[in-house]
Amino acid sequence: MAECFVLSSKKRSAGTEETDGDDLYKTKKSMLSTAAAWEDPAAALASARHEFGEHGGVNMSIEASATFTVMEPETMRRMFAGELGPDRDFFIYSRHFNPTVLNLSRQMAALEGTEAAYCTASDKAGMSAISSVLMQLCSSGGHVVAARTLYGGTHALLTHFFPRACNITTTFVDISDHEMVNSAIVQGRTKVLYFESISNPTLAVANIPELSRLAHDKGVTVVVDNTFSPLVLSPARLGADVVVHSISKFISGGADIIAGAVCGPANLVNSMMDLHQGALMLLGPTMNPKVAFELSERIPHLGLRMKEHCHRALIFARRMKKLGLKVLYPGLEDHPHHELLKSMANKEYGFGGLLCLDMETEEKANRLMNYLQNYAQFGFMAVSLGYYETLMSCSGSSTSSELNAEEKALAGISAGLVRMSVGYLGTLDQRWSQFEKALSRMQDSGVFKN
Ligand SMILES: Cc1ncc(COP(=O)(O)O)c(C=O)c1O
């Protein structure tokens, strides 16, 4: 549980008896509720420690300091020796732990049901979470087995950057073929099995329990990117060791922040902060506490947003299919992974907020997106996902353009694949009529027939 990671001794937790004077103030500063059995990410979030502000504000104060003072010179030595740390409210420097970033990290750990988490932000922050955790788990000469269908940036990191810069190599596999995964693992050398819970962009669903079992049998750590399905899936509760997120997407929800998170065991998160060997500490993709504060205010309504994204995606997918379009959406009953997703998903969130339309050619895909944006105002042509407006992009020529033609074919990315992140702004009927308007324009132009 998240709370186990930071049990403040300087700050008082709720439920303690002392309630007068300074103690009352301290009690209010940090409420640490009793760890409830993890059953649902929303319930876990409500059970996570709530930080109050310096003056009793319902929101925590932002700890904007880069550096932290001590009362005794000896304390500094003990902090650097690892004897005193954030678990007891001792902070050194904000590239290491920062209290506001730690608060957001506790929320992330609660959401994913992991012992701990830490958040990152830099130019490409989901990427900094992914690259840092993989570098922490693999040394030079290490080997990764990864899904063929991955976000293009991650694919490029594993294909090009890691072999050149770190001597870490990857074998790409079809993760629905467990025999193939099994035989790609080189005992002793393979450190990580890496995949996305719902893949970008093809929306293939990974069998997290089976893959985790298979990897653990061979001593391999399972790292899952859950960017496409926060709250919908909880990979760590299904057997994965580490969950990574691009917070820039659904978790942020505003398309205004680039950030990432690594959620996993406390010893992994702590090792990533080690002064001598820690990938987060030494590579320094530190999150700004002001950004951490903003994000921590958005996480409480992530569940509501996800439900609406998923609800609309399902309705649109059903209606698009009825119109004769080739729709990929794991919420559709005839999707090959529908039953698998149903068996793993948390109740009542749905099947994800993204759907894909296979328009067969890039020309048709571009024309549809053009009409959808510029003629019908259905959404925006833009990469990324999880925004309140619908975002759409042709994956093969954008976010998966890092894959070569053969890799795209193996990953199942057709040239006309349009990925849509379904927004929730406006009424559902209003948005659907905009979609129909664009589609009939397509039909009028003779490019599309059904
Ligand atoms: C599944 C997935 N993982 C990771 C990333 C990288 O995240 P960021 O852009 O926040 O670095 C992206 C997209 O950018 C993504 O779609």
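Visitor: Let's start with a pair of helices: in which hand, left or right, does α4 pass α11?

Guide: This is a predicted model, and in it α4 passes α11 in a left-handed crossing. The axes of α4, residues 99-112, and α11, residues 289-298, come within 8 Å and cross at roughly 35°.

Visitor: And which residues make that contact?

Guide: On the α4 side they are Thr100, Val101, Asn103, Leu104 and Gln107, while α11 brings Pro289, Ala292, Phe293, Leu295 and Ser296. Sorted by class, the contact of α4 with α11 has 6 nonpolar and 4 polar residues, with no charged ones.

Visitor: Stepping back, how many helices and strands does the chain have?

Guide: The chain has 16 helices and 14 strands. Its radius of gyration is 23 Å, close to the 22 Å that the globule rule gives for 450 residues, so the chain is as compact as a globular protein of that length. Along its principal axes, the C-alpha trace spans about 75 × 50 × 35 Å.

Visitor: What about the ligand, which residues are closest to it?

Guide: The ligand is surrounded by 16 residues, and the closest are Gly126, Met127, Tyr151, Ser246 and Ser248. By class, this shell divides into 8 polar, 5 nonpolar and 3 charged residues.

Visitor: Which helix gives the largest share of that shell?

Guide: That is α5, with 3 residues. Both α5 (125-137) and α6 (152-166) supply at least two residues each to the shell around the ligand.

Visitor: Changing topic, where is the cis peptide bond?

Guide: A cis bond joins Asn200 and Pro201, with omega at about 5°, and Pro201 sits in the loop between β6 (190-196) and α8 (208-217). Another backbone feature is found at Glu360, which has a positive phi of about 75° although it is not a glycine; this residue lies in the loop between β11 (354-358) and α14 (362-375).

Visitor: Why point those two out?

Guide: Because most residues other than glycine have a negative phi, and most peptide bonds are trans.

Visitor: Last one: what pLDDT does the chain average?

Guide: The average is 91, and 90% of the residues score at least 70. Over residues 1-35, however, the pLDDT is below 50, although this stretch has 59 contacts in the model beyond near neighbours in sequence. Where pLDDT is low, the predicted coordinates should not be read in detail.

Note on methods. Residues numbered from 1 in each chain as written. Predicted model: local features only at pLDDT ≥ 70, side-chain atom pairs only at ≥ 80, totals over all residues. pLDDT = per-residue confidence, 0-100. Contact = placed C-beta atoms within 7 Å. Near = placed C-beta within 6 Å. Helix = DSSP H or I, 4+ residues; strand = E, 2+ residues; numbered from the N terminus. Nonpolar A, V, L, I, M, F, W, Y, C, P; charged D, E, K, R; others polar. Axes fitted to C-alpha atoms, helices over the stretch in contact; angles between N-to-C directions. Left-handed = near helix turned anticlockwise from the far one by under 90°. Rg over C-alpha atoms; globule rule 2.2 N^0.38 Å.
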